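Subject: Handover of a structure and notes on its contents

Dear colleague,

Please find the structure below, handed over for your use. My notes on it follow directly after.

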Amino acid sequence: MSSSENTTATTDASAPETHAFQAEVARLLHLMVHSVYSNKDIFLRELVSNAADACERLRHEAVTRPELTRDDPDFAIRLEADKDKRLLIVADNGSGMSREEMVSNLGTIARSGTRAFIDSLGDNKDGSALIGQFGVGFYSAFMVADEVEVISRAAGEDSAWCWRSDGLGAFSIEPVELNAAPARGTRVVLHLKEDTAEYAEPAKIERIVRAYSAHVPVPIVLLAPKEATEGEDDGAATEGGTEERQLADGTALWTRPKSDISEEEYKEFYGHVSGQFDDPALTLHYRAEGRHEYSVLVFLPSMAPFDLFDPDRKGRVKLYVRRVFIADDIDLLPAWLRFARGVIDSADLPLNLSREMLQTNPVLESIRKGVTNRIVSELQKLAKNDAETFNTIWENFGPVLKEGLYEDAERRDKLLELVRFRSSADNGASWRSLADYVGAMKENQTQIFYATGASQEAIASSPHLEGFRARGVEVLYLADPVDAFWIQMVQGFEGKPFQSVTQGAAALDEIPAESADADKDEADKESDSATDIGLVTAFLKETLGDKVSDVRASARLSESPVCLVAPEHGPDRQLEKLMARQKGAGAGMFAPVLEFNPKHALVTSLSGRLGAEGSKDDLADMAFLLFDQALILDGEAPSDAAAFARRLASVMQRGLA
Ligand SMILES: Nc1ncnc2c1ncn2[C@@H]1O[C@H](COP(=O)(O)OP(=O)(O)OP(=O)(O)O)[C@@H](O)[C@H]1O
């Protein structure tokens, strides 16, 4: 809904029109004012970022329309502070906004991911902590101001407008005289709250700008009444006059040599380009020379952005051409690297390529390839030299990187080296690579075993793993929805195929049991021989009918009496469910195979009773209960809950009788 539909306007063109904020904006403002951010300083970073973006947008537009900047070709952001009046002004000579742009840009939230996120927060306390992790732009001004005015004149337009709001649900918009507006661009005027008056102090402003915005690609100057600066006594102000101080020179950080740039400077720039508040986990800064010339300054965050799984899967690396900002919504990197943030600056592209041309440009294609390969090789290095940092990246972005396994056949092998898993080796305590797995394979083991499920915990407690545990055979846990997709596309690793523990007959017989269990194994063999496998199989098959596609004795189990597996050539059961979860549809299940543990006391007794004459009918309930129990362990409900309850009650009753 456009907020202009809520206009309570008059017909007089010069009178202010009042508009209600879009619902999500109102909610965001409420969160802002109630201090979601413990660090209020960031509002200035957001306003300076917006001002810089506006300058960069116009710089780009002026490539084809040079008249737009002819009168004033030097871009700048000017900050003005007046402590007495509790005023802070952020002004730029960038693109400016028309009346319509003001209404839609400063009254709504455009990005659907952000909107959905804010919508989902509600009044949830944890949610409001979450929101502090991402940049909320312009609206953060209301953390420090009880009234905000935005006076703007779009480049090349001969009208100017003033937007005004107290952040409490509505804003007004009215025309202003040209001489009361910037000749071009935007002036954001903050009427600071009583308890945030400190933001009109030049020393404070300087500190914040140097910390957060020192490397935006537009110079920043501070204009303040000549008075005490930090370290001097208050009240040492000189009568009248203002002084102008440059806080940032506007040189693009990525154009400077790497050796001149400190970690702090990289961090500050990361904050500017990402809008996030974490530190980068990986910083990649280099200049490519050769067929194409370009500079890259790309960061991998150490925290997942809130919209990582937004269905549009858009990346946000910014494209520059010879230091002119071109766009930040062109997919410069593949979708499975959409969490990367930063800048790619090409020296070869023409400045005035249309959006359509950009999407299919061969230079960009080759840049994409080069940078993607470089990121992958940096990740490989990191995995080798700094496992802790690599694991942080994996923890946050593993499920996204795994998308590359099925989308990017060319890099599949390299990505397989990077993939990390939780596994039964240490019950999910650490991240294991496929190389770790292969290195720890048992004698006669030829496959890489994995188990899929809704969560690591669910997988760990699944009966299918018992036989593997008893033999010390490692099983990888696959609990991400994306696992359902790549595991079917990837043949194996180092010649070892992947094999689900719930599919087909487990190839466990060839693998010897761990020595510690040898005695138990011997004892098991005896009770095993007490079970008439043929008899039990035939009975279960006959009783369960088409609920199962087969029944067989299994080496897969050591503690549980039964489990369900997929038929040899049918799809893996848990994978089917993961797929269904991903697609939001129900799983079209194949009838499973019921496997029983001939060593289990329950099965041995069942076998004994079956051998005794005439007791078969009483035992039918047992067969159904065993089947339902296996379903429950797989995270499913018995198909007939009433029959399940009736049988359970009757078996319990018989047990007590
Ligand atoms: N100084 C400015 N000059 C021109 N347009 C501006 C200015 N400040 C804000 N805008 C417009 O208002 C929009 C909303 O700004 P806001 O800071 O809320 O979000 P954003 O910058 O788009 O997103 P984010 O802060 O997440 O990067 C901007 O996209 C821009 O179009």
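This is a predicted model: local features need pLDDT of at least 70, side-chain atom pairs count only at pLDDT 80 or more; totals for chains, interfaces and linings use all residues.

Helix 18 covers residues 533-544, which makes 12 residues. From the first C-alpha to the last it reaches 16 Å, close to the 16 Å expected at 1.5 Å a residue. Its buried residues are V536, T537, F539, L540, T543 and L544. Seen down the axis of helix 18, these buried residues fall within an arc of 165°, so they line one face of the helix.

After the helix comes G545, whose phi is positive, near 55°.

Helix 1 (residues 23-33) has E24, V25, L28, L29, L31 and M32 as its buried residues. Viewed down the axis of helix 1, they fall within an arc of 160°, so they too line one face of their helix.

Aromatic rings

A search of the whole structure finds 20 aromatic pairs. One of them is formed by F142 and W163, a tilted pair with 6.5 Å centre to centre and 55° between the planes. F142 lies in the loop between helix 5 (125-131) and strand 4 (145-153), while W163 lies in strand 5 (residues 160-165), so the pair ties together parts that are 21 residues apart in sequence. Both F142 and W163 are buried.

F269 and F299 form another tilted pair, at 6.5 Å centre to centre and 45° between the planes. Since F269 belongs to helix 7 (residues 263-274) and F299 to strand 11 (residues 294-301), this pair ties together parts that are 30 residues apart in sequence. F269 is buried, with a relative accessible area of 1%, and F299 is buried as well, at 0%.

F142 and W163 also belong to one aromatic cluster, formed by F21, F138, Y139, F142, W163 and F171.

Two arginines are placed over aromatic rings. The charged end of R422 sits over the ring of W431, 3.9 Å from its centre. R647 lies over the face of F624, at 4.0 Å from the ring centre.

Two individual residues

H285 is in strand 10 (residues 280-288). With a relative accessibility of 8%, H285 counts as buried.

A145 is placed in strand 4 and is buried, with a relative accessible area of 2%. Not counting residues up to four places away in sequence, A145 touches L190, H191, L192 and K193. The C-alpha atoms of A145 and A197 are separated by 9.1 Å, with the two residues 52 residues apart along the chain.

Note on methods: Residues are numbered from 1 along each chain as its sequence is written. Side-chain values use heavy atoms; hydrogens and water are left out. Helices (H or I, at least four residues) and strands (E, at least two) are DSSP runs, numbered from the N terminus. The expected span of a helix is 1.5 Å times one less than its number of residues. Buried means under 20% relative accessible area, exposed over 50%, partly exposed in between (1.4 Å probe, protein chains only). The arc is that of the directions from the helix axis to the C-beta atoms. Rings of Phe, Tyr and Trp (its six-membered ring) pair if their centres lie within 6.5 Å; planes under 30 degrees apart count as stacked, over 60 as edge-to-face and the rest as tilted. A charge sits over a ring if NZ of Lys or CZ of Arg is within 6 Å of the ring centre and within 35 degrees of the ring normal. Contact means heavy atoms within 4.5 Å.
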